[in-house]
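Student: I would like a close look at a single part of this model, the place where the two chains meet. Please take it in one connected account, with the cut-offs behind each term.

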Amino acid sequence: MVRVQLVCSPQRLQCPAAEPPEAEKRHMETLLKNVSSTAELLAVSARSGALEQWDGHALSRAFHWARYGEHLFRRFHSDPAVRTAMEKQLQLTNQSLRAALPGYTDVSFCDLSRCQHLLLVGLLNNPELPVSIMRILFGSGSPADTEHSEYVDVTGLCSHIIQCKSACKVLSPLADSSAVGADAEVQGAMLMERLGALMGRGREARRAEHFLDSLLQGCDGASEHFCLVIAAALLTAKNSAAEGAAQDVLQDWLQKTPGVLKLTCSALSASLLAGLAKEHRKFREAYCGVLKTWASDMEYSVHEGEWVQTSTKTCMVTFQKLTEHFLALFEKCPPQRDDVERELNALKLSDGDFDVRGLSVWGDLLSALNT
Amino acid sequence: MSLLPPVIQLQQMTEEPSPNVQEIQFWLDKMVAWGRADSPNIQRDVSLHLRRLSSYLQQLLTHINNLISTTETMKRMPLLGQFLGRLCWIPYVTADDTSRGLLFQCLWGLYSEHPSNAVERKANQWIRKVLCQLATDEDDAAAQALMKPMGVPPNEYHLKVLRKMVALLQENIGKSCSSLGNINQRCSCDSILAASEACVPLATCPEAAPLIDALLQRPATCVRAALSEDFLDALSCAYSRQNLSLEEQAVFSLWHHSLSSLEVAVLSLLESVCTNTGSTPQRMLQQVSQSLLPKACAQQCSIFLVVNDIFRSTLKQAEGNECVKSLIQIFTNCFLTELALLQPQKCVSLKAFFPQSPQSLLVPLSTLPSEMPQEAWEHHLNWLSGSLQRLTEDEEEGDGDGDSSSSTSRGHHRVFEAWFLLVQCAHWVQVTVQLLGTKGPEDCGPLLWLLTFYHHPTNRGHHRALQLVHAKDAWDRLHTLFSVSTPPPFDRLQSLVTLLSPQPQQPSLSPSFILGLSVNFAVFSQQPLSGSTQVLQTVVHRSGLVEEAACALSSLELRLNAGSCSSSDANRVHLRIKSLQNTLTHMHAAWSPAESQAHTLTHTHTLNSTNHTAVSSSQDQVTSEHTNTYACSMEPC
């Protein structure tokens with residue numbers, strides 16, 4: 001039977017700087033023990049019948065632990081040594097909990113970042129949770145800001161969450177002045193923050209690139225949404241040199257990683273892409289490259305009287321769409337027009353410089369752009 | 001089981017009319033519409049009906065709580081489950097504090113602690129499930145797929161998105177409109193109305209406050225930039241429940257747009273000041289400034305006019321209520337200070353702020369005593385008294401003619417407005433009483449007239465001449481009592497008591513009149529303090545006006561501190577004031593709670609006869625205040 005001592009609150013975390021090795025070791029032990037306790041708390045809240053005994057104080061202490069778990073994540077997620085130790089500890093804890101509780105789902109280090117949410121999910125899905133506890137969580141009165149105090153006031157916690165989510169839904173039809181949407185803007189800003197943190201002072205791109213790779217993998221069926229978020233990230237104003245560097249890394253990754261650039265260009269709207277091209281020279285060049293690749297992949301179909309894509313492997317783009325992309329680009333970046341037309345002319349020349357429709361995609365493109 | 005039917009019958013006899021079947025169908029159909037796609041029409045419908053929906057939910061809740069079991073409830077209202085279920089998923093309902101709270105309470109009402117059958121067990125399960133889903137389900141899987149590896153918990157994410165939306169909308173509103181009143185030209189101001197409608201359910205949402213501030217403070221340059229009436233109503237409602245947190249200028253803008261919210265603000269100031277026993281002038285001043293009303297009045301003339309109208313009607317209803325009169329004076333003083341701060345260079349034209357007051361009296365009365373040398377006070381007051389006397393005599397002459405009622409009512413109106421201005425500028429009345437307390441008997445006439453007019457503005461039954469005689473008589477008696485160096489003779493004190501007792505035949509002087517004179521005599525008199533104290537104690541005890549006496553002493557002290565006084569006399573006077581204040585404090589503490597309660601109640605019950613809740617709450621407050629002071633005084637010093 002797994003028991004969790006909710007009598008005491010997590011010990012105050014002290015600054016570990018400049019401590020003698022012995023103290024540091026003890027400090028580490030305490031940290032690992034706390035990590036373990038937090039995972040046990042999550043397990044207990046989700047499945048234990050001991051919840052029947054819970055009162056307002058027990059609830060508050062549980063959330064205090066959960067908040068502490070989030071604090072651990074924030075403090076140590078970019079500290080490889082401590083993080084690894086904590087991940088190892090969690091593996092051990094998971095093992096023993098799996099043995100004790102059927103159907104147990106592991107708690108990862110990443111999960112610690114949303115400890116309060118997991119606690120809440122566990123509690124609310126637990127049929128043993130007393131109604132009195134639920135009434136506290138769904139009561140009125142927003143929880144006071146008790147970030148730095150001992151007692152966590154959770155009265156109305158769920159009420160506040162629901163209010164927030166609903167308010168977003170109420171306002172979202174009106175907040176259409178954003179090119180990417182408010183949610184993508186927020187996600188883009190978070191991405192920039194994260195990339196900046198990963199790159200650190202030395203502006204190392206490697207960790208940032210690994211992270212982007214993992215995000216792409218994790219997206220699974222929502223890769224187009226990821227592209228939108230990347231666009232939003234690139235559109236966030238460059239407030240510091242660090243942010244500029246992070247945006248550079250992002251653009252480089254975009255070009256290096258197979259398929260992502262093409263996906264971005266086909267998933268997002270022409271005007272949004274043009275906006276991106278306006279802000280970032282690297283992207284502008286890459287974008288033009290993609291457009292030209294698309295054009296060169298096209299074949300004239302006499303049957304349809306139109307240029308169509310040859311390979312179905314690449315993203316679906318019509319000739320008309322291609323034209324729209326170019327036109328939008330020229331609208332936002334007028335100087336680009338001359339350069340592109342010069343290139344297209346050169347390509348048309350190499351194709352034989354015919355003015356008849358259907359013989360050179362470059363020729364037809366030029367005439368479409370100039371009508 | 002056989003016991004159940006009679007109990008239900010009893011319920012049927014005693015319960016209120018249950019929400020009928022058609023009404024729930026109406027709301028159910030509406031919820032189906034609201035749950036569909038968001039269109040501007042839905043927003044408008046929501047803002048129109050949200051309040052009614054809340055009242056309906058309240059009715060439902062009462063009904064649910066009256067029934068003994070969930071089974072019974074489900075039998076009577078089979079559509080209830082469906083209705084509540086739909087409500088849960090309509091963001092307009094769940095965003096609004098009131099309707100969300102009522103919805104949850106309805107759900108709890110349906111929860112059975114000890115379910116007795118399958119229906120109740122299923123209901124319990126469903127309630128738990130729906131609440132869990134509402135709090136923890138995440139619709140946007142794509143967003144969560146990114147936020148999870150970045151270590152951003154769902155709650156933090158939603159909060160950030162909400163703040164971002166508010167910021168975007170704020171930006172939109174900030175953009176100025178260039179159509180300049182051309183009604184045919186489209187402009188961005190159309191979105192203002194839509195934004196204000198959207199904010200109807202968000203009136204008490206703290207994250208939406210910046211948007212609401214921006215909407216309220218937007219300069220009304222374009223004819224399209226109107227705010228939704230329902231939006232203003234919702235804000236006004238929230239404001240009266242003190243659930244709003246707005247910037248100062250936004251509050252002023254709300255008062256400007258919504259008369260009812262301004263009325264609420266003024267009435268609650270009146271209530272808080274005048275039902276609180278033990279409020280000193282300093283505390284009153286603090287409450288007045290904190291209400292932000294004087295500042296708003298200085299910025300917007302229309303607000304000041306409304307506030308004064310409310311003061312006028314309060315005065316008319318609560319004749320003789322010294323607390324209201326004090327408040328009006330403190331308020332006006334505060335307002336004049338704010339006005340001077342706002343327009344320090346310009347010569348302020350007060351006419352716009354006091355359109356109904358006699359213009360010749362406006363500047364003389366609104367000038368503060370501190371702005372004039374002390375030696376000029378008496379001359380100034382004589383002039384004021386003379387002017388007011390002429391004004392009232394004109395009115396009485398018109399009365400005597402027995403002419404058309406319009407001229408007499410106009411005359412009455414003029415006198416009332418003159419008196420009201422005097423109440424607003426009662427700093428001169430305080431100076432009058434002070435002078436009467438320090439002068440000899442010569443040339444008291446105009447001052448006594450002024451003081452009598454302040455306390456008795458109406459000349460009912462043409463008693464003014466008689467009242468002036470009484471006033472002179474009272475002054476004489478008090479003057480004598482406060483001049484003797486030996487302890488005051490008993491018969492003289494008795495005559496004072498007679499003065500204070502109401503006489504059935506003659507018009508009696510207001511006890512406040514006598515108290516005011518007594519306080520000033522006691523402070524400035526040359527007689528030994530013990531004698532003065534005894535006389536004052538008699539007056540206070542007989543009239544029961546301990547609070548008022550304390551207030552009079554406090555405000556006298558404040559004025560003397562602010563003004564200039566010859567130093568040697570200043571010390572003597574201040575010592576006397578302190579000692580008298582101590583005496584009064586002991587009197588107050590030793591007072592029996594019942595007696596003082598009766599006295600204070602007579603002062604507060606006339607405040608606002610229609611506002612019954614104010615009276616009942618004030619009674620509770622009075623009792624607790626007095627028992628507290630009583631309890632405190634029992635402790636050893």
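Tutor: What follows starts with confidence, goes on to the contact between the chains, and ends with some pairs elsewhere.

This is a predicted model, in which local features need pLDDT of at least 70 and side-chain atom pairs count only at pLDDT 80 or more, while totals for chains, interfaces and linings use all residues. Residues are numbered from 1 along each chain as its sequence is written, chains are lettered from A and ligands numbered from 1 in the order in which they are written, and side-chain values use heavy atoms, with hydrogens and water left out.

The predictor gives the complex an ipTM of 0.90 and a pTM of 0.78. For chain B the mean is 81, and 81% of the residues reach 70 or more. Within chain B, helix α8 (residues 118-136) has the highest confidence, at a mean of 95, and helix α32 (residues 612-633) the lowest, at 35. Helices here are DSSP runs of H or I with at least four residues, and strands are runs of E with at least two, numbered from the N terminus. Residues 598-637 of chain B have pLDDT below 50, and this stretch has 45 contacts in the model beyond near neighbours in sequence. Contact means heavy atoms within 4.5 Å.

Now to the meeting of the chains. Chain B brings 57 residues to the contact and chain A brings 53. About 5,100 Å² is buried between them, 72% of it from carbon and sulfur atoms; buried area is the accessible area (1.4 Å probe) that two parts lose on being put together, summed over both. On the chain B side, Trp108(B), Arg128(B) and Met150(B) lose the most area to chain A, together 14% of what that side buries.

Between the chains there are twelve residue pairs in polar contact, both residues at pLDDT 80 or more. A polar contact is a pair of N or O atoms within 3.5 Å; within protein, one must be able to donate a hydrogen and the other to accept it, and residues adjacent in sequence count only if both atoms are side-chain atoms. The elements giving two or more residues to the chain B side include α7 (97-110) and α11 (190-198) of chain B. The largest share, 14 residues, comes from α10(B).

The chains also share four salt bridges, each a side-chain nitrogen of Lys or Arg within 4 Å of a carboxyl oxygen of Asp or Glu. In one salt bridge, the side chains of Asp111(A) and Lys148(B) meet at 3.5 Å, N to O.

On the chain A side, Glu185(A) lies in helix α7 (residues 182-199) of chain A. Leaving aside neighbours within four places in sequence, Glu185(A) contacts Ser178(A), Val180(A), Ala232(A), Lys164(B) and Leu168(B). Its C-alpha atom is 7.8 Å from that of Thr236(A), 51 residues away along the chain.

Away from this contact, the whole structure has 30 salt bridges over all chains. Lys439(B) and Glu378(B) form a salt bridge, with their closest N and O atoms 3.0 Å apart. Lys439(B) sits in the loop between α23 (427-438) and α24 (445-455) of chain B and Glu378(B) in helix α21 (residues 377-400) of chain B, so the pair ties together parts 61 residues apart in sequence.

Technical notes
pLDDT is the predictor's confidence in each residue, from 0 to 100.
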